[in-house]
Amino acid sequence: MPVIGIDLGTSNSLVSVWRETSAELVPNALGSVLTPSAVSIAEDGSVLVGQAALDRLVCAPEYSASGFKRFMGTDKKYFLGGQTFAPEDLSALVLRKLKDDAGQWLGEDVNEAVISVPAYFNDAQRAATKAAGRLAGLRVERILNEPSAAALTCRLYDQSTDMKALIFDFGGGTLDVSIVDCFENMLSVMAVSGDNQLGGRDFDRQIALGYCEANGLDLDLLSPLAQADLLQRAEACKRELSNRKETLLHIAAGEAAGKLVLTNQKLIDMSGPLFQRMGTPVRRVLADSKTRLREISHIILVGGSCNMPVVQAFLSRLLRREVGHPFSPDTVVGLGLGIYAGIRERREEVRDIIMTDICPFTLGTSVVGSREDDTLHMASIIERNSPLPCSRVKKFRTTTANQTKVHVDILQGEEFYSRDNLLLGEMTLNVPPAPAGKECVSVRFTYDINGLLEVEGTVPSTGEVRREILLGKRSGMTEEEARQRIQALAALKRPPHEEEEARALLAWGERLYAQTTGDERTAVVLAVEDFLKACAAGGPVALARGKKVFREVLERVEKFSAGYGLLPSDDMDDADAFDVDDNDAADADPEGMGPPPSGSVLQ
Ligand code: ADP
Ligand code: MG
């Protein structure tokens, strides 16, 4: 049975496998290796996953969702088309789609996967990811940190040297920075840091806010449809800026009508605080791993947002060297998972690679602060970034006279007060009555490579020992609950593989219909009608021809509605802006770019 590797992203997911002597990315039914992590329930009750769902997010937002990875491990619920979904249900639908696509491509069933998560994910988020795999009918024995996967890809490509890599993973919703150390066949994450609320989406929002400001609008007061439309256009503009100097965000009519000419320099000017936040985890990871900048041999760019010239320029300055490497930031994690799938299958070429990991968060217990302040504080036992496996013990004294019980909270997190950290479990130990501080308990935490935490509490004076196994075991679901949820998800229809392209084209058409007016809208309507006729006529040749024509019309309308180079004649004055600011406007060449606004020098 093949093992598949899945990069389950906030914005896009990839699936990859080990074939013969290398990792290969698996294309989906639409021929793309990137599948947007979006889910939509269609009118006929079937589940659409990927590009079609992303398009429906604009025209049928109440039936569609994306970005749910940000809420893995929380109680958030999504209501789509009258049904309730937890974030892990939606992730399960994405995983099921990737599993089906991989099965189709490989020509055999798949039931085991390695899934990656940001190194910064806490235990609840990891457990939710495993649960999602289970709900999708996948055995998930190993969760891999995304930076480890990225480093694996580079390692296989560049085996000649010792390598100490700084991995900057800037995706749609999260930023993760890590340092990975490689020597011979060993590969180890040394430190991780990040900001799990910072990503490409924040740039989209910044552009949308800039657009609103320029046009006297208030983003929050726009209807949900207009907001979704504007954010989708802002994202398209941002991508355009990765390839050209200047772009135009233009909405011809409706409540959000207006325009904004955007250059990379303008984007830098409007996103100061975002750049400031990007520098913080880089400094922290270097400090935590006691690494000097000049010891870093490789800088690995990961995540779609690293395609942005402004991000690359910022990093070049921050890290004082050119950044860039042979891998596309979009696929470097996905490929690493394919390599890891090969390791799990014990393929000859890769089976000797040894990967070690670190504990990405601090584990500890509560102690009373001081006599004046009885708020509970966190006392760390295993500090974040400790190499795994890891076992540490600490002693704690009683705080009151004749105390007979010592309560041990088991906490995870970096916050000062216990209440702000995640409570993983509790344990109570009995101690003989004695004056305050005379009795003590010793608490040992052992955290292994599979994410299992064993807590052992001992009372030295009586010899009492208690053990508790936590973390890795928590799936948040009982057997019965898992069974019911698997059934509920299985009951949701999925469109047949061969229909997927047509459905995706139709969803695209619907989105453009919602986003356009006038002649463009008429063109969309006519094209949809023609395409439906071609579908009804049957026959593979007619259908293929119909798809081609339909796609061409949609591409034209998309271009036109985005307004590239198509300013109406009375707007020609503004069009001059295309030529004037050659000096200020940054182009794709990072050297030509003004300095990012802040935090650009490492201390
Ligand atoms: P995740 O790991 O969160 O799924 P990805 O690595 O797929 O994210 O990155 C998605 C983000 O990258 C989105 O915000 C998207 O807008 C952005 N992105 C993708 N390609 C480009 C590009 N060429 N230029 C600018 N931004 C891009
Ligand atoms: Mg990613």
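Colleague: Which helices each supply at least two residues of the shell around ligand 1?

Modeller: Helix H5 (200-214) and helix H6 (224-240) do. Helices here are DSSP runs of H or I with at least four residues, strands are runs of E with at least two, and both are numbered from the N terminus. This is a predicted model, where local features need pLDDT of at least 70 and side-chain atom pairs pLDDT 80 or more, while totals for chains, interfaces and linings use all residues. Residues count from 1 along each chain as written, chains are lettered from A and ligands numbered from 1 in written order, and side-chain values use heavy atoms, without hydrogens or water.

Colleague: How many residues surround ligand 1?

Modeller: 18 residues do, and the closest are Ser 11, Glu 235, Lys 238, Ser 242 and Gly 304. To be near, a residue needs a heavy atom within 4 Å of the molecule. H6 gives the largest share of the shell, three residues.

Colleague: What about Glu 235, what distance does its side chain show to ligand 1?

Modeller: An N or O atom in the Glu 235 side chain is 2.4 Å from an oxygen atom of ligand 1. The protein buries 89% of the 580 Å² that ligand 1 exposes when taken alone; those areas come from the Shrake-Rupley method with a 1.4 Å probe. Backbone atoms reach ligand oxygens too: a polar one of Ser 11 is 2.7 Å away, and an N or O of Thr 10 is 3.0 Å away.

Colleague: Back to H6. Which of its residues are buried?

Modeller: Ala 226, Asp 229, Leu 230, Arg 233, Ala 234, Cys 237 and Lys 238. Buried means under 20% relative accessible area (1.4 Å probe, protein chains only).

Colleague: New topic: where does Gln 515 sit?

Modeller: Gln 515 lies in helix H12, residues 500-515.

Colleague: Is Gln 515 buried or exposed?

Modeller: Buried, because its relative accessible area is 8%. The Gln 515 side chain also makes a polar contact of 2.8 Å with the side chain of Gln 232. Such a contact pairs N or O atoms within 3.5 Å, one able to donate a hydrogen and the other to accept it; residues adjacent in sequence count only if both atoms are side-chain atoms.

Conventions. Buried < 20%, exposed > 50% of the residue type's maximum accessible area, 1.4 Å probe, protein only.
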